[in-house]
Amino acid sequence: MLSIKNLHASIDGKEILRGINLEIKAGEVHAIMGPNGSGKSTLSAVLAGREEYEVTEGEVIFNGKNLLELAPEDRAREGVFLAFQYPVEIPGVSNINFLKTALNEIRAYKGLPPMEAKDFLALVKEKQKLVELDGKLANRSVNEGFSGGEKKRNEIFQMAMLSPKLAILDETDSGLDIDALRIVAGGVNTLKSKENATIVITHYQRLLDYIIPDMVHILYKGQIVKSGPKELALELEEKGYDFIKEEIGA
Amino acid sequence: MRAVILSLSKYLCSSIEGSFNMETITKINTTEKLINAFESSKNSLFGDLELREQAIESFSKQGIPNRKHEEYKYVNVELLLKRDFAISTATTVTAEQMANVQMLKDAFVVVIENGNFSKNLSSIASLPKGINIQNIAEATGNAAFQKHYAKYADVNNDAFIAMNTAFTSGGVFIHIEKNTVIEKPIHILHVSSAAENAIINPRNLMVVEENAQAKIVESFATVASAGKVFNNALTEIFIGANANLQHYKIQDENEAGMLLNTTQAYQEKQSVFSTNNFTLSGLFVRNNLNIVLDDEFIETHLNGLYLTRGNQVVDNHTLVDHRKPNCNSNELYKGIIEDKSAATFNGKIFVRKDAQKTNAFQSNKNILLSDDGTINTKPQLEIYADDVKCSHGTSTGKLDEDKIFYLRARGLSETSAKKLLMHAFASEVVENIKIEELRDYVEEKITGRFA
């Protein structure tokens with residue numbers, strides 16, 4: 001589904017990603033862990049299409065398409081979803097109105113007619129339940145005045161509404177209490193299928209108790225320095241990131 | 001700013017080179033021409049001739065302001081009026097054109113056609129008890145007219161107040177009697193169309209007596225017109241004790257329309273006045289909104305939205321004059337500036353020495369969508385009392401890139417993301433419209449604008 005080869009990216013002339021290689025197949029969950037400043041968020045930003053990052057080398061193929069050539073909206077329409085680490089507040093734009101526009105633009109891209117209002121509302125109701133999002137929040141302005149936990153749940157709610165092929169969760173666990181973490185993880189797990197894949201970016205192992213990864217990758221100084229099964233996350237938690245530094249002789 | 005002024009000027013006259021000398025000559029020409037016109041028409045105009053003569057005298061002293069005038073420094077009105085303009089009262093609006101500018105189905109509609117009250121086009125046949133709507137030119141015998149007419153708009157304060165007072169040939173007088181509540185909105189539709197370049201001077205007087213309530217909408221439209229219309233419209237508003245007036249102005253002139261719109265309001269004890277100004281198009285729109293709070297426990301809300309593009313110039317000057325203690329005023333003006341257009345917001349708040357415990361808030365926010373657009377924003381607070389809460393804030397920026405990206409990352413195109421954000425920006429002002437039909441109309445206009 002996703003194939004990243006030798007990806008280099010920089011911002012303001014400073015190189016952050018220095019040759020990332022990653023293969024993800026449909027149905028898989030991959031965790032990317034790494035210390036602060038290792039390039040985790042840059043990777044998600046580059047995949048989603050943030051324009052301030054400059055890709056200097058390498059390629060990203062998503063379901064046969066060159067992802068890096070697509071505008072951010074076309075990546076979303078192709079099925080890439082980024083759950084933001086810091087969801088943006090947009091006063092004056094209602095959550096529902098925004099999602100309806102998003103959903104219908106994605107449908108138009110696929111040559112489908114706009115969704116019937118009745119079907120849309122039924123979908124909203126169903127997906128709200130999944131992340132235990134209050135109906136009132138769905139009708140409010142996008143993320144405005146939401147608590148940290150509500151914002152993260154709103155991200156997963158949007159993901160459920162748009163049913164992407166590839167979901168990238170960028171530190172979705174940061175700042176979440178254990179109850180919110182369970183709800184968010186429960187939502188992600190329910191949405192998992194053989195057809196879609198998930199990238200979980202996190203600093204801590206705890207989230208991976210709830211979302212079980214098929215593979216764990218350790219990102220350090222812009223490169224994946226070690227990959228392994230889910231046990232790698234536990235090892236990392238136990239020994240700390242220093243063991244990586246020692247292991248790779250950094 | 002200079003670049004914008006020049007481009008606007010170019011549109012209106014072939015050259016402004018040697019501007020100083022030319023401006024001086026123009027000033028003599030335009031002002032003198034109007035004074036001569038007054039001499040020949042003064043005996044055919046309604047009302048108190050002495051008042052008109054005072055007005056023309058004051059007008060001749062002030063002259064049509066140019067950019068050396070502090071209050072008019074951002075746009076040279078004199079240049080706008082440089083062409084062959086004449087005071088006009090011709091009536092040439094067709095029924096078909098009228099149909100295009102209606103906006104409320106459920107309202108008492110008053111039509112001001114080229115500055116004059118049109119009985120035929122208005123629909124005010126069956127008015128409820130306690131309300132009087134009539135041609136201002138025929139209201140001179142009315143006691144409320146005599147008590148309030150020209151009592152608030154001072155001819156010595158502004159050349160356009162003087163011009164209007166000297167030349168007006170009509171407009172509407174609305175009188176809401178004591179304790180009368182009028183649920184249905186009153187819509188004053190100013191519609192203009194001229195065969196030749198014309199200055200028109202409609203004059204309205206609204207008197208909302210003690211404990212009365214009303215909703216009044218004023219809209220301005222120039223329909224297909226061979227000549228340019230400069231509409232010097234003036235509305236005086238009196239709001240009595242405990243009265244409540246919702247006032248709306250929808251300015252949707254055509255691309256060549258020029259509007260100088262003065263609103264002079266006077267509030268008595270415990271009254272509530274909310275005025276909402278929407279400028280949607282027009283080559284030149286200047287709003288002078290002056291409100292006097294002359295007793296205690298008064299509440300005043302001023303909301304404004306201006307959407308400018310092309311070579312448009314929109315200039316909002318507001319003055320809130322707190323004269324007595326314990327009053328609240330709240331002002332929010334927002335603008336979206338596109339292309340080479342230019343907008344000005346000049347918001348003055350006076351808190352006089354006696355006006356203790358005043359709460360006065362003002363905010364002006366702008367989005368500048370192009371590198372060639374201009375916004376001048378100038379909050380002015382003059383506070384002479386020592387126990388008050390006053391604040392003002394202003395911001396000008398581009399659309400937030402983080403918000404655009406967030407929306408695009410969910411599948412919205414860049415265009416629809418921007419559209420949604422502009423709509424959201426405007427909605428803070430639009431949601432103050434309490435007449436549903438009018439709110440829908442403005443919403444639709446804004447949606448169409450950013451489509």
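In chain B, the side chains of B:Glu428 and B:Lys334 form a salt bridge, at 2.5 Å from N to O. A salt bridge here is a side-chain nitrogen of Lys or Arg within 4 Å of a carboxyl oxygen of Asp or Glu. Between domain 1 of chain B and domain 2 of chain B the count is four salt bridges.

A word on the source: this is a predicted model, where local features need pLDDT of at least 70, side-chain atom pairs count only at pLDDT 80 or more, and totals for chains, interfaces and linings use all residues. Residues are numbered from 1 along each chain as its sequence is written, chains are lettered from A in the order in which they are written, and side-chain values use heavy atoms, without hydrogens and water.

Now the two domains. Chain B splits into domain 1 (90-398) and domain 2 (399-451), with bounds from an automatic or database domain assignment. Their C-alpha centres are 25 Å apart. Domain 1 of chain B puts 32 residues into the contact and domain 2 of chain B puts in 20, contact meaning heavy atoms within 4.5 Å.

How much area is buried between them? About 2,400 Å², with 69% from carbon and sulfur atoms. Buried area is the accessible area (1.4 Å probe) that two parts lose on being put together, summed over both.

Last, the side of domain 1 of chain B that touches domain 2 of chain B. Its residues are 14 nonpolar, nine polar and nine charged. Nonpolar means Ala, Val, Leu, Ile, Met, Phe, Trp, Tyr, Cys and Pro; charged means Asp, Glu, Lys and Arg; the others, Gly among them, are polar.
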